[in-house]
Amino acid sequence: MKTAKRIIKGNKFSGRSFLERHSVFFLQLPFLALFFTFILLPVVVAFFLSFTDFNSIQTPRFIGLDNYVNLFTKDTVFMRYALPNTLSFALVVGVMGYILSFLMAWSLAQVTKGWRTVLAVILYSPSLTGSAMMGAVWRVVFSEDKVGYLNAFLLKQGLIQSPVNWLTNPQTLMMVMVLVSLWSSMGIGFLAMLAGILNVNRELYEAAYIDGVINRWQEILYITVPAAAPQMLFGAVMAVVGTFQSGSIGVVLSGGQNPTPGYAGQLLVTHIEDYGFLRYEMGYAAAVSVVLLLMIYGISRLTNRLFAGEDTAS
Amino acid sequence: MSKRNKNKIRIIGMNPQRFDKGQLKFLGYLIPLALVMMLPIVFIFFNAFKPTEELFLYPPRFITLRPTLQNFRNLVATSANKAIPASRYLFNSLLSTLLVMALTLLITSSAAYVMSKKRYRLKNMLFELNKISLMFVPVAVAIPRYFIITRLGLIDSFLSSVIPLLAMPVGLYLVKQFIDQIPESMVEAARIDGAGDYAILRRIIMPNITPALATVAVLSFQSAWNSTEASVYYMHNEAIKNFAYYLTSLSAGGNASDVTSALTGGSAASGALAGMGISAAGTLIMFVPNLVMFIFLQSKVMNTMAHSGMKS
């Protein structure tokens, strides 16, 4: 009784009880403070900066929509290279990478656990090479001179007469970028889809078999995809984000050159870096950032819509 | 009849417990594909241990015949020329990565617990906001981030390689989804026993979400270990930059080849090749911890991913 009283008393007046009463606030405080400062605030700042002329030294000057107008009417690099490159890169790498991830996850679900684990680790491991390693890894293969593995191989087979400058030739740079991005596209979204497919209830397959599902395509379409849809949506969001995240791959592959040779590997991300950190036109770069974020948001909404359709169909 | 049986075997084929011949066709394309995907990393592995004359070889040979640690020694020697030893970069990487991992785990799990198990206004809005922010690609907002870091006085501070990485929306998302699986009754029982939120978090939640924590550990390790953002944009002082940055400075441009050709007294071309060996060695140092960590925690990661589902 005495101790109970002491505990109550202690709780009421000590600092600990204050923390305890406001635990919802204090437990969230560190995350939310950092989240607002480093994730939300940058987006808000980018939005406001995009309406200004700002060279990072003088105070930003409000210029209304000028940055956007210039971006869409005067910036030939943006209209001719950065925007179309980004769209085609996103389409090819995003869609193909996603389909590839799903097919690999689905295939892995059909083999025994030992094989599955080893193969999943191998397929996932390229996504562990961040941009820092990417350059070194792929330079070995695409090295310009005849000592590069790919050039040496093609020369030996007689498929080419002289070494190809894979990384400085505007015609091949984009192709290499797509290839490298696809190679590293099986990341966390791929693992989520694999887990989702493995967790589909076996009885669903048996029921479908009784209902007359006759081939694998039907099985995928009517059971696997709807049942693993939540993980597949997560995988889709990760694919969209990953695709745009890897936007600086062109600069990395061409040895840190920005702009990339002949603007061939110029994407929105590299365009932002070009204007922001090389020319110090921060307001203009912020406008490109806003366009990029809107694009990512739009594409994510679209994927969401697709999966919503999938849900009602099943 | 036989057709029906065949169908049945195929359907049970999903997530099989035992090996059977039907799986061969999947392995038939999965294994070659995995081998092709491994190739670049295998190249790096062999190159890292190649002596200079084998790097010179034409036609190039994948396999290293006389493995040597020369490239690793060159890596150390190259940086010794520049007053900042390679070990310093490596130490910076280790320290910032460990700090990021530990702090991310702490703040993510506490916030995720509250968002999963407590009832308060704004809860759904906050989680929704976090979900949308999965799409805020960090590279897109590099410039405003730079200004915020400047305002906070973090320029040229070691902390600029730690603090901006701590809030990880995907981490919060995964941990919160995982905590949702813990039955309400368990938390309630602890509360009746007089446990406060901090005690519940420590004694009930934490021990039950180790797979999710392992996943966040893997992801935060990757984001910190591979990050060059802080070293490139926020730091002028070489002594606080990390190993990932050092590696890009080696492989980008002729940086390494200049130094090594001066070092070995050879031509620029031989320097470039030696540079290739050095950057292969550096890449291997970067890659192996990433891989080892994932291999050890992969079953936990897979367990977490099962709860990663999103409703559209």
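In the predicted model, helix α6 of chain A, which spans residues 113-124, packs against α10(A) at an angle of about 155°, the two axes lying 10 Å apart. Because angles over 145 degrees count as roughly antiparallel, α6(A) is described as roughly antiparallel to α10(A). The crossing by which α6(A) passes α10(A) is right-handed. On the side of α6(A), the contact is made by Arg116(A), Ala120(A), Leu123(A) and Tyr124(A), which meet Ile188(A), Phe190(A), Leu191(A), Leu194(A) and Leu198(A) of α10(A). Of the residues that form this contact, eight are nonpolar and one is charged, while none is polar.

Helix α10(A) itself, covering residues 188-198 of chain A, has 11 of its 11 residues buried, and it is therefore largely enclosed by the rest of the structure. The buried residues of α10(A) include Ile188(A), Phe190(A), Leu191(A), Leu194(A) and Leu198(A), the residues that α6(A) meets in the packing described above. Also buried in α10(A) are, among others, Gly189(A), Ala192(A), Met193(A) and Ala195(A).

In chain B, helix α8, formed by residues 169-179, is likewise mostly covered, with 11 of its 11 residues buried. Among the buried residues of α8(B) are Leu172(B), Tyr173(B), Leu174(B) and Phe178(B), and Lys176(B) and Gln177(B) are buried as well.

A further residue of chain B, Phe147(B), is situated in helix α7, which runs over residues 142-151 of that chain. The relative accessibility of Phe147(B) is 16%, so this residue counts as buried, the cut-off for that class being under 20%. Leaving aside residues up to four places away in sequence, Phe147(B) touches Leu49(A), Phe54(A), Ser56(A) and Met282(A). Between Phe147(B) and Thr64(B), which are separated by 83 residues in sequence, the C-alpha to C-alpha distance is 48 Å.

As to confidence, the predictor assigns the complex an ipTM of 0.88 and a pTM of 0.88. The average pLDDT of chain B is 85, and 87% of its residues score at least 70. Over residues 253-268 of chain B, however, the pLDDT is below 50, although the model gives this stretch 23 contacts beyond near neighbours in sequence. The pLDDT also stays under 50 over residues 1-6 of chain B, for which the model has one contact beyond four places in sequence. Where pLDDT is low, predicted coordinates should not be read in detail.

Terms used
Residues numbered from 1 in each chain as written. Chains lettered and ligands numbered in written order. Predicted model: local features only at pLDDT ≥ 70, side-chain atom pairs only at ≥ 80, totals over all residues. Heavy atoms only, no water. pLDDT = per-residue confidence, 0-100. Contact = heavy atoms within 4.5 Å. Buried < 20%, exposed > 50% of the residue type's maximum accessible area, 1.4 Å probe, protein only. Helix = DSSP H or I, 4+ residues; strand = E, 2+ residues; numbered from the N terminus. Axes fitted to C-alpha atoms, helices over the stretch in contact; angles between N-to-C directions. Parallel < 35°, antiparallel > 145°, perpendicular 65-115°, else oblique. Left-handed = near helix turned anticlockwise from the far one by under 90°. Nonpolar A, V, L, I, M, F, W, Y, C, P; charged D, E, K, R; others polar.
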